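Have a go at each task before you read its solution.

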Amino acid sequence: MRRTHASTRTIRGQLTRIVLIPSLCFLALWLIVATLGTAQAAQLMGAVGQAREGTEILSEAATELRVERRLSMVHLGIQDGGGDSTVLSDLEEQRESTDGALAEAVGLAGRLQGGRDDEVNRNAAAVTEIPDGVTALRASVDDRSANREETLVTYGNFLETLTDTAIALLHTTEGGENLTDAVLTRELLAAHEDYAAADALLAGVIPAGRMTYEETAHFTFLTASYRATLDTVSHAMHPSVRADHEALVQQRIWTAAEGLSRRVVTRPPVAEADETVPGQAPLTEWNSAIDVEADAWDESSAVAALALDDIADAQTARTVDLAWSAALLRVTLGVAAAAVTLLGGAVAISLVSRSSRRLTERLTCLREQILERDADLPDIIERAQRGSKVDVVDELPALDEEGDDEIGQVAEAFDSAQITAVEAAVRQAEIRRGANRAFLGIAFRNQTLVQRQLRLLDEIEYNEQDPEALRRLFRLDHLATRARRYADNLIILGGGQSARRWRQPRPLVDVLRASIAETEDFERVRLTSAPRVLMHGQVVADVVHLLAELVENATQFSPAGTPVDVGCTPVAGGLVVEIEDRGLGMSEQGYAAAERTLTRPPEFDVMALPDDPRLGLFVVARLAERHGIRVWLHPSPYGGTLATALIPDSLLEPVDNPVAVTGAPAGVPSFPGALGHLSPQGPVPPSGPQGPFGHSGPQGVPGQADPRTQSGPQQQVGSQQIGSQPQAGHFGVPGPFGPSGPQGPPGHSGPQPRNGFPGPPSGFGPSSPTTTPFPTPPRGGHSER
């Protein structure tokens, strides 16, 4: 079962994120767009309000300035005609009114400056300069330094600035529904200015009594301009504005003003001669006389100019109103769209949450069923491995998940996968049991043959007297003993137990000697200490086998000629056997891997072995687990490996057992448990020619004829140099833990005694006059039966 923790992402959360993240992103994007649109609409509403206020103030200032212009033109005209001005008081009053209107316009311009529209900023700056210009112009009018044409043009420039500022404000409102309204407003304002300029021009000419050529041309241009503009924009006007325009042109005052202006424009350009004077030559001077009365012009044109001003103001107001309606509509739509989007997002989140909750409930139910089934799988597989009959279909009922969607398909896939896996495990267990039975059958047959071979060798050795023949027989005897150990390896790996058994406890020293004797390079092994203690007969064979594997490993992975020390030390709770070599040792990873194998013996499966299997390590782990023996591998101070085996008290017996202890070492301090009776004694005495387990070897042979009774001087050990390099690690190459048993170093030869028989080394401990002769290796003799 996998571990779960609080930070694990759930399917429900993932489904919710899958759906909500795009939805929320779209919702956020839409809200941003709606917010920006609403902000722009609100900004537009502010601009519309500003334009409404600005156009009203500017229009009022323009109206007052036009009235002042007309009075100034009349004042100059009267003075040009040689009379005294009769409008001076009216002009002074109008100038005060104009100053008030211009003050408001300048205040507006100050507020407009610093905005984001460059055109508005530029025109607002020009508006602030109008009062100074008007003051200078008034002074020129008063001292008569400016003529009528200059006065008319200068006032026209001021009015153009005011008109341009109003048009710039209208442009910030995006022109209402479209640009047509803003353009139409500009055209009407221009037409009104042309009409008002023509009215002021003629109003100044009438009291002067004459109209120059330049004034006539200017007047003609102004009248033609406003007529052309009105004819052009009349069809584009809104019906309400068009109705006002049509009503104006049909009024008497408009008709009268048009008639008077046309009379001025169409008068003869040259003055006519007086026919009553006989013989007068034709006149060639410009006709400056105009046949228009001041009252007639004031009653018609001045009133028509005000009416046309009202039409222009109406168009301006309409443009502002349309812009305000458009801005209000955009704000309303933005708010409504945001509300609808939020509502849709809330509904979508609710639906997603409901759907994800359904899915997670189904998945949770499916998970619980799978976990319940997973809890039963180990028991099913264990029963199959024990050989019990397992019906997979009955043991694994179908999952209770209905539906043809993906979850239902997942449930079916789990059913199929688990049933297939359990069936495969059951078949594998059956195949493994069959393979183990065949494996064990072959191993037991092989062991039987080796046992028969050893019995036959016993008989031949017993009756043989030739030393050379005995030497060869002993070598063959040693090889057969090792072959028996390898056969035992196969039995242990196959799950069986060795057929060798002892009913009576055996001395520990004999157990150690037997384990040493079952190795190839036994001559290099030194037995340094062995407490006087007995071992249960039922475990002797397995302990000998376990220690033999460790000793074989030490000899195989250390340089030839270097000693391997085997020592025993009593400890609390048992007995420690230490096997130390002087090889290269192993890497940290190698020690860690060996520790994992020794502490948790794996299930032996030939299909799971690596390319370089180490069967000896499996055997040691199996035997240690079987009897509660603990085994460690550590680096040795000599650079090799120190193998430590802790044999528990439950496998040992005190020495006061009726069975005698032969050749047991002494000199071990007192310890509790099975070793609590020990007292210091001398070195390990010779054990005589007999084997560790009684008379299993040849009997009655003279002492010098049996190399196993040799204790005299020996040759140097081995033929290889001590400096020869072993392999990288104890379990790095095929050796004692490999598939084919221990492999001796090439060209190895053991020590040669004086009579030429291969015998044991001078002793298993430090060199001393008293040594322990090498015993006969244990094998299947009469004592084993």
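**Exercise 1.** In which loop is arginine 144 found?

Solution. Please keep in mind that this model is predicted. Arginine 144 belongs to the loop that runs between helix 4 (130-142) and helix 5 (148-171). Now check its backbone: phi is positive, about 60°, although the residue is not a glycine. Finally, arginine 144 has a relative accessible area of 45%, so it falls between the 20% and 50% cut-offs and is partly exposed.

**Exercise 2.** Decide whether arginine 70 is buried or exposed, and find its side-chain partner.

Solution. Start with the place: arginine 70 sits in helix 1 (residues 11-80). Its relative accessibility is 18%; buried means under 20%, so arginine 70 counts as buried. Next, look at the side chain, which makes a polar contact of 2.7 Å with the side chain of aspartate 298. Beyond its neighbours within four places in sequence, arginine 70 also has contacts that include Asp199, Ala203 and Trp297.

**Exercise 3.** Classify the ring pairs that tyrosine 195 makes with tyrosine 226 and with tryptophan 254.

Solution. A search of the whole structure gives four aromatic pairs. For tyrosine 195 and tyrosine 226, the centres are 4.8 Å apart and the planes lie at 75°, so this pair is edge-to-face. It links helix 6 (residues 179-208) to helix 7 (residues 213-233). For tyrosine 195 and tryptophan 254, the centres are 5.3 Å apart and the planes lie at 15°, so this pair is stacked. Here helix 6 is tied to helix 9 (residues 252-266), across 59 residues in sequence. Put together, Tyr195, Tyr226 and Trp254 form one aromatic cluster.

Key. Residues are numbered from 1 along each chain as its sequence is written. This is a predicted model: local features need pLDDT of at least 70, side-chain atom pairs count only at pLDDT 80 or more; totals for chains, interfaces and linings use all residues. Side-chain values use heavy atoms; hydrogens and water are left out. Helices (H or I, at least four residues) and strands (E, at least two) are DSSP runs, numbered from the N terminus. Buried means under 20% relative accessible area, exposed over 50%, partly exposed in between (1.4 Å probe, protein chains only). A polar contact is a pair of N or O atoms within 3.5 Å; within protein, one must be able to donate a hydrogen and the other to accept it, and residues adjacent in sequence count only if both atoms are side-chain atoms. Contact means heavy atoms within 4.5 Å. Rings of Phe, Tyr and Trp (its six-membered ring) pair if their centres lie within 6.5 Å; planes under 30 degrees apart count as stacked, over 60 as edge-to-face and the rest as tilted.
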